[in-house]
Amino acid sequence: MRRDGASPAATVGSANPPGTDGLWTFVFMDMAIFLMMFLTFMAERRGHVDLYTASQLQLDELFGLANTLILLTSSWMVVEAVNASRRRAAARVSRHLGLAFLLGLAFAVSKLVEYSLKLQSGITPATNSFYSFYFFITAVHFLHVIAGMICIAYCRAHASARVGTARFQAGLENVGLFWHFVDVLWIFIFPMLYLLGRP
Amino acid sequence: MDNETKRLVSIAFAWCGPLFVLGYLAFWAILGHNVPPPNMMGMTSAQLIAEYYGKYQNDIAIGMIGSATLGMLYTPWSLLLATMLREDDGSLGPLSLTEAAGGILTGWLLAFCPAMWATCALLANSISPDLVRTLHVMTWIIYDCTYMITTIQLAALGAYIVLNKKQTVFPAWTGWCAIAIGIAFVPLVLMPFVSDGPFAVGGTWNFFFVFAIWLFGFQVPVGYYMLKEVMKHAQVTSPVLSHAN
């Protein structure tokens, strides 16, 4: 482990996992918080199954499905960018990070449209506890998406100058790890909020 | 002030943290009958008097006055913490000062709000129930919805620990934990608008989880490493004193 905490850049077949200790610690802490949210949600749902099922039916699962596909594709683009960085293909890195960013933007727009439709139909975080959870969990996830997009944009802006350096590689792998984490979170959020209990 | 005296002051400030936690649990939580607090948004004024202030008047009054006294122990503890977040040149940078500011404001809140609830308890039978409920609700909104003063304290501490690779007092996980806890406070914004469920004033998330992780996920681990640091320095200096004696 390097003194600055950065792992030596992982390469294909390397024994070094991607990401620095600090980011893995952050991901673990963040996962713990989300786990508490999910457990609290499930506990509340047990006590109000009819309310939660009825509220869930008001959500459009197509939005959830579209967002899932968007984030999965965006994660794939980040994987391609990390692989391209290992091969020092700066143009390819920029292209794939750009696509990842645009897909993140598509997710953000989709989410805002969904929120807007809900609010216009009179549904707010105060409507009932299901919607308190819906808005809270998806809003916190949304903030993670925005943070990830900022990091992706930063890496893309510096790709042409810094691809090939160990520092850039370690940073990009950290961003990739974070973005995959954001994706994994959504894979849990989508079925829990949109699908659980649907006939 | 000589170094040994400074160390003793630091030790005293460090112990303010555990004293605050234990004292606040005893006075605010137990004596104040706040486990959980009454569901104020789902109660009428008459219910709040009958089921809370009227029923536990003396307990609440004593508990809240005790909380108003002990709540301010949070401030010296936070200020000692700020002195441990120095820049490379020994100065107190923006993160340290932000942590200090958050600690001062949080300490004020932890003392001021119980004083208001003590007022409600002491006057419960002599002023209009609507006025009691107004003061009670207003104070809870101040207590909970100004959570950002503690969030910025946590975020500043967390950022210092995570970004300053040279510091050796706090392990990195405490920094990430502090940031995560600060974010977990965000649903407190829902408290005034809901009358039941996990985000109500006494709800699973907005009361039990938020207070538990603030006390046991932030104060206990950070307080432990603070005490360890000041005691380490005290042990280094004490052989000099004992030798002199």
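The buried residues of helix H3 in chain B are covered by elements that include helix H1 (3-31), helix H2 (45-53) and helix H5 (94-122) of chain B. Those buried residues are B:Ile60, B:Ala61, B:Gly63, B:Met64, B:Ser67, B:Ala68 and B:Leu70. H3(B) itself runs over residues 57-70 and has 14 residues. Its first and last C-alpha atoms are 20 Å apart, close to the 20 Å expected at 1.5 Å a residue. Please keep in mind, as you look around, that this is a predicted model.

Is B:Ile65 buried or partly exposed? It counts as partly exposed because it has 18 C-beta neighbours inside 10 Å, whereas a buried residue needs 20 or more.

Chain B comes to nine helices and zero strands, so to speak a run of α-α-α-α-α-α-α-α-α along the sequence. Chain A has six helices and zero strands, and from the N terminus on its elements read α-α-α-α-α-α. The table sets out some values for each chain.

| Chain | Property | Value |
|---|---|---|
| Chain B | Box of the C-alpha atoms along the principal axes | roughly 65 × 40 × 25 Å |
| Chain A | Buried residues | 38% of 199 residues |
| Chain B | Buried residues | 44% of 245 residues |

How the chains fold back on themselves can be read from their contacts. In chain A, 77% of the contacts with a separation of 6 or more are between residues 24 or more positions apart. For chain B, the share of such contacts is 75%.

## Where the chains meet

How many residues of chain B are in contact with chain A? There are 18 of them, and they touch 17 residues of chain A. On the chain B side, the elements that give two or more residues are helix H8 (172-184) and helix H9 (204-244). H8(B) gives the most, with six residues. Sorted by class, this side of chain B has 15 nonpolar, two polar and one charged residues.

## Details of the backbone

In chain B, the loop between H1 and H2 contains B:His33 and B:Pro36. The peptide bond from B:Val35 to B:Pro36 is cis, with omega near -5°. B:His33 has a positive phi of about 50° although it is not a glycine. Because 18 other C-beta atoms lie within 10 Å, B:His33 is partly exposed.

Chain A has a residue with a positive phi too: for A:Arg88, which is not a glycine, phi is near 60°. Where is A:Arg88 found? It lies in the loop between helix H3 (61-86) and helix H4 (90-120) of chain A. A:Arg88 is exposed because it has 12 other C-beta atoms within 10 Å.

Chain B averages a pLDDT of 91, and 95% of its residues score at least 70. Over residues 237-245 of chain B, however, pLDDT stays under 50. The model has four contacts beyond four places in sequence for this stretch. Where pLDDT is low, the predicted coordinates should not be read in detail. For the model as a whole, the scores are ipTM 0.76 and pTM 0.82.

Notes
Residues are numbered from 1 along each chain as its sequence is written. Chains are lettered from A and ligands numbered from 1 in the order in which they are written. This is a predicted model: local features need pLDDT of at least 70, side-chain atom pairs count only at pLDDT 80 or more; totals for chains, interfaces and linings use all residues. pLDDT is the predictor's confidence in each residue, from 0 to 100. Two residues are in contact if their C-beta atoms, placed from the backbone, lie within 7 Å. Helices (H or I, at least four residues) and strands (E, at least two) are DSSP runs, numbered from the N terminus. Ala, Val, Leu, Ile, Met, Phe, Trp, Tyr, Cys and Pro count as nonpolar, Asp, Glu, Lys and Arg as charged, and the others, Gly among them, as polar. The expected span of a helix is 1.5 Å times one less than its number of residues.
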